[in-house]
Amino acid sequence: MHDVLVVEDEEDIAVPLMRTLEREGYEVTRVSGGAEAVSFVIEQAPAVVILDLGLPDMDGIDVCRQMRAGGYLGGIIMVTARAGELDRVVGLDVGADDYLAKPFGLAELLARVRALLRRSTQVVQEGTTVTTASGLKIDAASRRVHLGEREIALTAKEFDVLAVLASHHDKVVPRETLMNQVWDQNWYGSTKTLDVTIGRLRSKLEAADAGEKVVAIRGVGFRLETGA
């Protein structure tokens, strides 16, 4: 059974959402404030957070940012009335895995939750531990990445993208393959999600001096290669 945290202050939205999730077999907790949500995910580490951006005490973007800064690596689905491309990119850039605009159907949200959980599980089951020439170790069983004794903390989707790229090291992985393997063949959202995730992954590899770089092959996809 997967734990889901619903961060929503509007009762008329939160109650039916929680009931729907519980009927699907999820263990659901609800909080209505951003500060409480940050504390909860750092202490309890639910599998998925459904995060409304319009909270009374904090902006949801800041909540997401603080969750990731606090070490939370689970899935985050942002829910908001802000449907603009800029808001979507900013949300993904601070660490969200998905973005759903209001009004939304409960069936669609459930599909997003299932896809987020399913793809991560499949990458772990199908993957193997890969150690690159530069010493970067991607362990699919524990979903952890190490460079020597030092761990590089990645979100769920950052890890999945790296795992797929590392399993095809020095080979180009098409964008469609990454979207299908890491997200879902029936993905509702924009492929901008992939670009933002790649950007975050690059930054973390560079900050760790990992010796690996993600190279974009224009119009085709991405390749993980060992730097000079």
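How many cavities of 30 Å³ or more does a search of the whole structure find? The search finds two. The model is predicted, and its chain of 228 residues has 47% of them counted as buried. The secondary structure consists of eight helices and twelve strands. Among contacts with a separation of 6 or more, 58% are between residues 24 or more positions apart.

**Second largest cavity**

- The volume of the second largest cavity is about 40 Å³.
- Its lining is made up of Leu-73, Arg-143, Arg-144, Val-145, Glu-151, Ile-152, Leu-154 and Phe-159.
- By class, five of these lining residues are nonpolar and three are charged, with no polar residue.
- At least two lining residues come from strand E8 (144-147), and at least two from strand E9 (150-152).

**Largest pocket**

- The largest pocket holds about 340 Å³ of space.
- A total of 21 residues line this pocket, and those nearest its centre are Leu-73, Gly-74, Gly-75, Arg-143 and Ala-156.
- H5 and H6 are the elements that contribute two or more residues to the lining of the largest pocket.
- H5 gives the largest share of that lining, with four residues.
- The lining of the largest pocket divides into eleven nonpolar, seven polar and three charged residues.

**Salt bridges**

- The structure contains 15 salt bridges.
- Arg-68 and Asp-97 form one of them through their side chains, with an N to O distance of 3.1 Å. This pair connects distant parts of the chain, 29 residues apart: Arg-68 belongs to helix H3 (residues 60-69), and Asp-97 to the loop between helix H4 (85-93) and strand E5 (98-101).
- Arg-68 and Asp-97 are both buried.
- A salt bridge also joins Glu-108 and Arg-112, whose closest N and O atoms are 2.9 Å apart. Both residues are in helix H5 (residues 106-126), with a spacing of four residues, or about one turn of the helix.
- In an α-helix there are 3.6 residues a turn, so residues three or four places apart point the same way.
- Is Arg-112 buried or exposed? Its relative accessible area is 7%, so Arg-112 counts as buried, whereas Glu-108 has 24% and is partly exposed. The cut-off that separates the two is 20% relative accessible area, under which a residue is buried.
- Glu-8, Asp-52 and Lys-102 are connected in a network of salt bridges.

**Glu-158 and Arg-200**

- Glu-158 is bridged to Arg-200, with 2.5 Å between the closest N and O atoms. The two residues are 42 positions apart and tie together distant parts of the chain, with Glu-158 in helix H6 (residues 156-167) and Arg-200 in helix H8 (residues 192-207).
- Glu-158 has a relative accessible area of 0% and is therefore buried.
- Arg-200 is buried as well, because its relative accessible area is 8%.
- Apart from neighbours within four places in sequence, Arg-200 makes contact with Leu-92, Asp-93, Gly-95, Ala-96, Thr-155 and Glu-158.

**Helix H2**

- Which residues of helix H2 (residues 34-44) are buried? They are Gly-34, Ala-37, Val-38 and Val-41. These residues lie on the same side of H2, because the arc they cover around the axis is only 100 degrees.
- The cover over the buried residues of H2 includes strand E1 (3-7), strand E2 (27-31), strand E3 (48-52) and H3.
- On the face turned away from the buried side of H2 are the exposed residues Glu-43 and Gln-44.
- Ala-45 follows H2 and has a positive phi, near 50 degrees.

Technical notes:
Residues are numbered from 1 along each chain as its sequence is written. This is a predicted model: local features need pLDDT of at least 70, side-chain atom pairs count only at pLDDT 80 or more; totals for chains, interfaces and linings use all residues. Side-chain values use heavy atoms; hydrogens and water are left out. On a 1 Å grid over the protein atoms alone, a cavity is a set of points where a 1.4 Å probe fits but cannot get out, and a pocket is an open set with protein on both sides within 12 Å along at least five of seven lines; lining residues have an atom within 4 Å of a point. Grid points are joined across faces, edges and corners, and a volume is the space filled by probe spheres set on the points. Ala, Val, Leu, Ile, Met, Phe, Trp, Tyr, Cys and Pro count as nonpolar, Asp, Glu, Lys and Arg as charged, and the others, Gly among them, as polar. A salt bridge is a side-chain nitrogen of Lys or Arg within 4 Å of a carboxyl oxygen of Asp or Glu. Buried means under 20% relative accessible area, exposed over 50%, partly exposed in between (1.4 Å probe, protein chains only). The arc is that of the directions from the helix axis to the C-beta atoms. Contact means heavy atoms within 4.5 Å.
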